[in-house]
Structure formats: structure tokens, C-alpha cells
Amino acid sequence: MTTQPSRFLQHVLQANTTTLPEWQLAAGVTARWHAANVVELFPAGQHSKPAFILLSCGIHGNETAPIEVIDAMLADIASGTLPLHHRLLVAFGNPKAMQQGERYLDYDLNRLFNGAHQQQPDAQEAACAALLEQEAGRFFAQAPSHALRLHYDLHTAIRGSVYEKFAIYPFLHQRAHDPAQLAWLKHCGIEAVLLHSKPANTFSYYTSHAYQAHAFTLELGKARPFGHNDLSRFAGIDQALRQLVSDTTPPLADYQPGDYPLFRAKYDLIKHSEAFRLHLDAQVENFTALPDGFLIAEDGAERYVADGGAERILFPNPGVKPGLRAGIVVEPATL
Ligand code: ZN
């Protein structure tokens, strides 16, 4: 794996929006830029079981390891080292935040999908979310009905985690969880899956709901600056994605309950006011268990108390603006 930015990532970071080039790559692959941060790759031939694969990274600009993993894949497709057998759309989510090494500039991009960008028209990320929705829609609209529609949105987390690599399965409404996808997540090295129980304004919920894609948010480790990632820690997802695009995934064992723990969101900790106090260490890891009766947080008269001893904390962040989610309390789940 190379850590030098390929010409794909260089193109994104230069934010060259005046020209949208088309590049001829090795092995008859064509790369077509649809926006300064969105590139589609067309394999040379037709596939009898086509997949339309959307990979997104940099939705949070400081989560650099997934950007490096995907960029190295693009470089290897460009050189012909990695064969491409499926349609591939790569979205580098928030290039301005990537340039500045920030999670976001005005507003968290991964809270602006599903049309939520219309409520934050002044945020720089609003146009970004609208563009990504449009590009995802254009891409999946081309997929024939028998094609597999896949979206993996790659992230790293602000904090450490009891389960270093975990997936968030967006709320599916009436659809069933897909056993083949659950088996593939295990193949990637995913150690736990959160089954979301309500709609969310995330990119993966959007593509799952609007285009019936198999879509996941993948949290793959801790966020570090460009050049400071130990990419060997991302070998599982790197290998699985390379096998996916080149059609070399080995036969996978069926998903079995107990392959990895499943959780569901029980409730959100909402920060109603600046009086909100989170009674967890600032360094607390995601999925830290909450002992029965533990006072998790309080906000004026409101108290959030752990119940039963099997609950865990996810994404605690007391620094959010009042009115927003300051953490999720999760509990064990079964399918
Ligand atoms: Zn993220």
C-alpha cells in the first residue's frame, strides 16, 4: 500500500472544479469525474452479475486512513495492478475539511443527508451533502434491477473503542438484514454491529433508504492526520474491498448468530442546555459498559441512569451544541 497521494487524491485536494476530466486507465478502465470530489470508474467489460459499488471516505475531513486506503486502491486500478470488474463510484466527501484536517468546517456533513441540508443552507457542507445525494442517485439509477447496489461509508472515530472496528447498519424499515452482508462484514474484520432502529441523516441511511442499497457506516479505528496512520491496522477492509472490486472474494461461511456482538440503539443522550454534564471520563472508549444504576449524564433536572448492566456508551460528545445528540446508549440485540 502506498501512502503517497495518487493523482486522484491530488486532484481532489487541488479542488479543481473548472474542468471535469476523463482519464483512461490501464486495462481499459475509464475514470470519469462527475465533480471535483466524485469519480466513477467503468470496467472494460460487462459482468454477468454486476455490482454497483459506492465507496465514500472523508465525509469527516480528519478521518484520513480510509481516504488513504481508497486512494491506494484507485492508484492500483489505474496502474492495472488491481483489476476492476464492477462499476465503482468513489466520493471523497468533504474536500475543504480534508485540506484543513478538520472533521467539518460549519456543520457535521454526516448529519445533513436525507434532505437535512435544506435546513442548514448557510453551512458549507450543505452543498456538499446535496451533491453527494445527487451523485449517489445518478449512480444507483443506472444499476439494472438484478445488480447488487452496495455503499460502504468509511470512517474512523474520535476516540478509542472496546471494539476497534464496528459497523452501523442503518434502519431498514420493512427490509430484512442481509445475511451475506453480515458475513462479509466479518470477512472485513468488523468486530461488532450496531443495528440502528430509526432513520438518521447519515449518508449510509440515505442510500439504504432512497436506493435500497446495502449500505453501512464502517468505523475502522482512530482518526489520525495524513501520514500518521498505521495502514496495517486497515488490512482487513483493504483486502476485502480489493477482493470485492476485482471479484475475487473467496466463498464466505454463512453468518452465524454470535459471530460478533450485535447492539441496538436504546436511546440518545440529548444535550438540552449548557447545564448538560456527562459523567464519563473524556477519554472513555466507545462501547464501554455502563454499570447498573450508574449516573451517565444529567441536564438540569433530567437524569440519565444506566439500567441493567448490559448497556454501553457510543459516540459520547458533551461538546455538541444544545439540542443535539451527546451520545447513544446501546444494548445487546439479536436479529
Ligand atoms: Zn466519521
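User: How much space lies in the largest pocket?
Analyst: About 1,100 Å³. Keep in mind that this is a predicted model.

User: Which residues are closest to its centre?
Analyst: R103, D108, N110, R111 and R325. The lining of the largest pocket has 41 residues.

User: Which elements give two or more residues to that lining?
Analyst: β6 (148–157), α6 (203–211), β9 (214–222), β10 (262–270) and β16 (325–332). The largest share comes from β6, with 3 residues.

User: Which domains does the lining draw at least three residues from?
Analyst: Domain 1 (7–246) and domain 2 (266–332). Each of them gives at least three residues to the largest pocket's lining.

User: How many residues line it, and which lie nearest its centre?
Analyst: The second largest pocket is lined by 24 residues. Nearest its centre are L148, A180, Q181, L244 and T249.

User: Which element gives the most to that lining?
Analyst: α5, with 5 residues. The elements supplying at least two residues each are β6, α5 (179–188) and α7 (235–246). β6 also lines the largest pocket.

User: And how do the residues divide there, into nonpolar, polar and charged?
Analyst: For the second largest pocket, 13 are nonpolar, 7 polar and 4 charged.

Methods. Residues numbered from 1 in each chain as written. Predicted model: local features only at pLDDT ≥ 70, side-chain atom pairs only at ≥ 80, totals over all residues. Heavy atoms only, no water. 1 Å grid on protein atoms, 1.4 Å probe; cavity = no way out; pocket = protein on both sides within 12 Å on 5 of 7 lines; lining within 4 Å. Points joined across faces, edges and corners; volume = space filled by probe spheres on them. Helix = DSSP H or I, 4+ residues; strand = E, 2+ residues; numbered from the N terminus. Domains from an automatic or database assignment. Nonpolar A, V, L, I, M, F, W, Y, C, P; charged D, E, K, R; others polar.
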